[in-house]
Amino acid sequence: MSFEEDRNDGEASVTENFRESVTKFTFSTPCQPQLGPAVATVHSSELPTLRRSSRVAAVATSRKPGIKCEVDALISTSPGKGKRKAPNASLSKNAVKKLKRGYAPPEAYAHLSPLTDYLAYGLDVVFCGINPGYMSAQRGHHFAHPSNHFWKCLHQSGFTPRLLPPSEDSSLPQIFNIGLTDLVDRPSAEAAELSSSERVSSVPILLNKLALHRPRFLCLVGISNWEILQKALLQMTQTTASGSKASQAPAKNIGLQPFKLCYSGPVSDTSANISETLLFVVPSTSGLVTQYQLPAKVEFFAQLKSLVDRPPSELDTSEMKCIAVPHNP
């Protein structure tokens, strides 16, 4: 062997050794992991399905040959340049409102019981609500919802020396000469769930209560409450005994009304002869009524308190329309 051949063989040997040493440090990422026999037999339906966004799906679809790309359609329908539309952005704040309740049949609140009337003969004033609210019926006390202003109005107008809780409603007749009742006795979540017919049919029941207990004042809590009673009173005065039409007294929405309930004779031989009941109207004390805020409601209660404090002889009721109310035991 010549010197040139020895030299070539030596260079080839060095090159081969270098390649072998380099291969020890090289690595490659396998495209697919080697699965064991047990794993390889898993059916594709048993593998978890990964969710892909619509944009990723559109891009992936566009890369498939022979399939039309949907990216342009997606971009053309999106509002603005690269801006993502917020969910329900088309709905304004005014569109999202609490739905008004409609009529609810009595069986809808059959699990609630009516409230007890707190009445006595010859009270200074009887407050009459529309009907018991849901929470009032649950707790068994008048005007029991925390947002109701009745007890605050009663205290701040001077009817009670302290703020009474609804749980002390039964003490009103004996301690403060005040009574409580409702036009309709069945409870509901809102007064709107009562029908007009059951409100109207409840008026004779209310009038009979008044003829039996004869308070000096009846305070109707709620203008809609007064509107129902006013219609009934106008119908009662529409014709006289001779059949001719009687003159109608002008009605007011708030305050002392131009009507009075008139009674004939005492209820019993031992009772004092109270001959009439005057009518007063205050706004609803519900916290949902925002037309009249608490200070305005207190002012109306204070007007009633000033009338109650005056002796009956100082109140001129001669111009008020007398509504004869018979007592039906």
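These notebook entries record what I looked up on the pockets and the sheet of a predicted model.

**Basis.** I number residues from 1 along each chain as its sequence is written, and side-chain values use heavy atoms, without hydrogens and water. Local features need pLDDT of at least 70 and side-chain atom pairs pLDDT 80 or more, while totals for chains, interfaces and linings use all residues.

**Largest pocket.** I looked up pockets (open sets of points on a 1 Å grid over the protein atoms alone, where a 1.4 Å probe fits, with protein on both sides within 12 Å along at least five of seven lines). The largest has a volume of about 950 Å³, volume being the space filled by probe spheres set on the points. I found 36 lining residues, with Glu190, Ala191, Ser284, Ser286 and Leu288 nearest the centre; a lining residue has an atom within 4 Å of a point. The lining holds 16 nonpolar, 16 polar and four charged residues, Gly counting as polar.

**Second largest pocket.** I noted a volume of about 190 Å³. Its lining includes Arg216, Phe217 and Glu276.

**Sheet.** I traced six strands in an open sheet of mixed pairing, ordered β2-β1-β3-β5-β4-β6; strands pair if DSSP finds at least two bridges between them. The edge strands are β2 (178-182) and β6 (321-324). Strands β1 (residues 125-129) and β3 (residues 217-221) run parallel, joined by four bridges. Phe127 has Cys219 of β3 as its bridge partner.

Methods: Helices (H or I, at least four residues) and strands (E, at least two) are DSSP runs, numbered from the N terminus.
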